[in-house]
Amino acid sequence: PLFQKLGQDLFDAGEYLELHYGDPLDKYSLHVKKEGGLKKHGDIFLVDHAWTTKPETSRAQLLDNPQLVERLTSMMDISVDAEEEEVAEEATAGTGADDEVVSKYPDLEVDQSMVELVASQGKVTEQRARVALQNENGDILAALMSLTLHPDHDAAGLKNLENAIGSQVKRDKEAKAEEKKKQDTINKIMSEMWKYSQTYEYAVVDPSGQTKKESACIIYPIEDIPKGGALTRDFVPADIKDPMTRKAYLQIYNDAQDAAELIAVYESDKLEDNEVKPFDQPFTKTLTRTPSQHKAGDRKLRLYTTTEWVATNCKLANVELVDSEDQADLLWFSQDFKEFDKLTKGQKINQFENESCVTFKQNLAALVKAAYGTVPWSSTTYNLTTELAPFVGHYLWNQEHHHRNLWICKPWNLARGLQITIQEDLAPLVRLRDTGPKIAQEYIQTPVLYEGRKFDLRYIVLLKATHKVEGDPSQGYEFQVMVYKMFWIRLANHAFDLDDFENYEKHFTVMNYGNYNLTQLLYTKFIENFEKEHADKKKWSEIQADINEAIKSIFAAAVVKPRPEGLGAADDKTKLYEAFSIYGID
């Protein structure tokens, strides 16, 4: 049946099912109308798409398509009542002022056509109209209002002007009320859609060889359903087995049910986080550059690389390229290296085993939490796959204590700002986990700004770690962290405020991968301007010291913690090779 229905594009559910409203729920429900009901695995139905969208483009689509808004409002049984506003006509009264009105701003230039318009409508001389415009800073309506207050003004003309202004005010208020209703409706759809939406993404190859994403949704009965019986389904994904995680997921459907229990999970998690004692770092010391040990008579350093720009640009006289890994002193790969056990004594490689402990967002958050608990340089972060219950508890705790819930949701391992969204409602945050692994972080609501805009700084960091070949392996790694003093500045294009979260250029800073204006700013100029703008705060040298300390703390935790949590050896075996790696840290 599935093959036949897909082949014919056959949507025949209407012959078997019907919608009820208010029976037994206070909304729509789906019931069997076929005589004899539906039998377990007895038939299968295609589900067409009412709306195919992405979270980052949903609002724009709704704004551009009133018919879609109307359709979804009906489907989701959404009702938004416009606020009733009493539109009062503005009244004016005479002041007794005479014609000898003095201009407060005689040097202010006003357009002659505006002067003529005010003179005509206000039935005054052009000189009087010019003075009125100057006094009202060029505002035509305000200038006319000031002129109509004069007692010598024609009564009928004054009434007509009052009516015109009052009508305009009424129209403006009605337009604002209509726009507010439109925005409220879209906001409601954006929240409610997550209770109905299904997620999908899979690739097919068309006849031309191009890959494209397509989908088909299907439903079929997994038990007998009698005529008149309602169709129900379990909305919780099959991978959720833990009872508390299930309650957290169902919170978006059950409202306040289980809220107290989930808040308790969050509070317990927070207590444990606060009890983490940062480990000592007795190995920390300031290093100076050591002179090169290479001597003129030594053989050249043998380099094997799969990275084209390294092979092309490495022009050092004491380095030669070789064709095989086993001949090399230094291995430099652009792809993930897996065969660490094959490396021999004295070889160096530009990767660490398990460096995903710092390069995947969820792993970095887990590492920091395990090593330090709460830190001032990292936002509260939840892995929505493994920490859904404490996250939902935190969200509900914020609600209970009247804290604004603003969360930024990110994929575990995508770059360039892809699939990152800012959310206020719980439903999208919970359901976005179904679109692929995600983390949720508290959105920084009071960021430091540069000329009113958000910014981030990209640092290039070199980590060099050498496991001691000689001596006690339990001493772990000696490591060095080096930060390139020149950093890159990435600026948002629009002034920051806590609104309009779909506005990429207001809330995000990565502009070099889309059709956006890109601001180029040298780091020395940034520091100079920043210190002028924030002269009452810290000097940049103090801020840089804080940044360096945060970077060092991350890698100290990574080096000390054993795999899979960190970079440290999972056993006491001494590693014969040396490793280093270069990272971009934002």
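Author: What follows covers aromatic pairs, then charges over rings, then a helix contact.
Author: This is a predicted model, where local features need pLDDT of at least 70, side-chain atom pairs count only at pLDDT 80 or more, and totals for chains, interfaces and linings use all residues. Residues are numbered from 1 along each chain as its sequence is written, and side-chain values use heavy atoms, without hydrogens and water.

Reader: How many aromatic pairs are there?
Author: The count comes to 29, taking rings of Phe, Tyr and Trp (its six-membered ring) with centres within 6.5 Å; planes under 30 degrees apart are stacked, over 60 edge-to-face and the rest tilted. Tyr21 and Tyr28 form an edge-to-face pair, 5.0 Å between centres and 75° between planes.

Reader: And Tyr382 with Trp407, what angle?
Author: Their planes are at 55° and the centres 6.1 Å apart, so that pair is tilted.

Reader: Is Tyr382 buried or exposed?
Author: Tyr382 is buried at 4% relative accessible area, and Trp407 is buried at 0%; buried means under 20%, exposed over 50%, partly exposed in between (1.4 Å probe, protein chains only).

Reader: Which ring does Arg233 lie over?
Author: Arg233 lies over the face of Phe235, 4.1 Å from the ring centre. The rule is CZ of Arg or NZ of Lys within 6 Å of the centre and within 35 degrees of the ring normal.

Reader: New topic: which residues of H16 meet H17?
Author: Phe526, Ile527, Phe530 and Glu531 in H16 meet Trp540, Ser541 and Ile543 in H17, with contact meaning heavy atoms within 4.5 Å.

Key. Helices (H or I, at least four residues) and strands (E, at least two) are DSSP runs, numbered from the N terminus.
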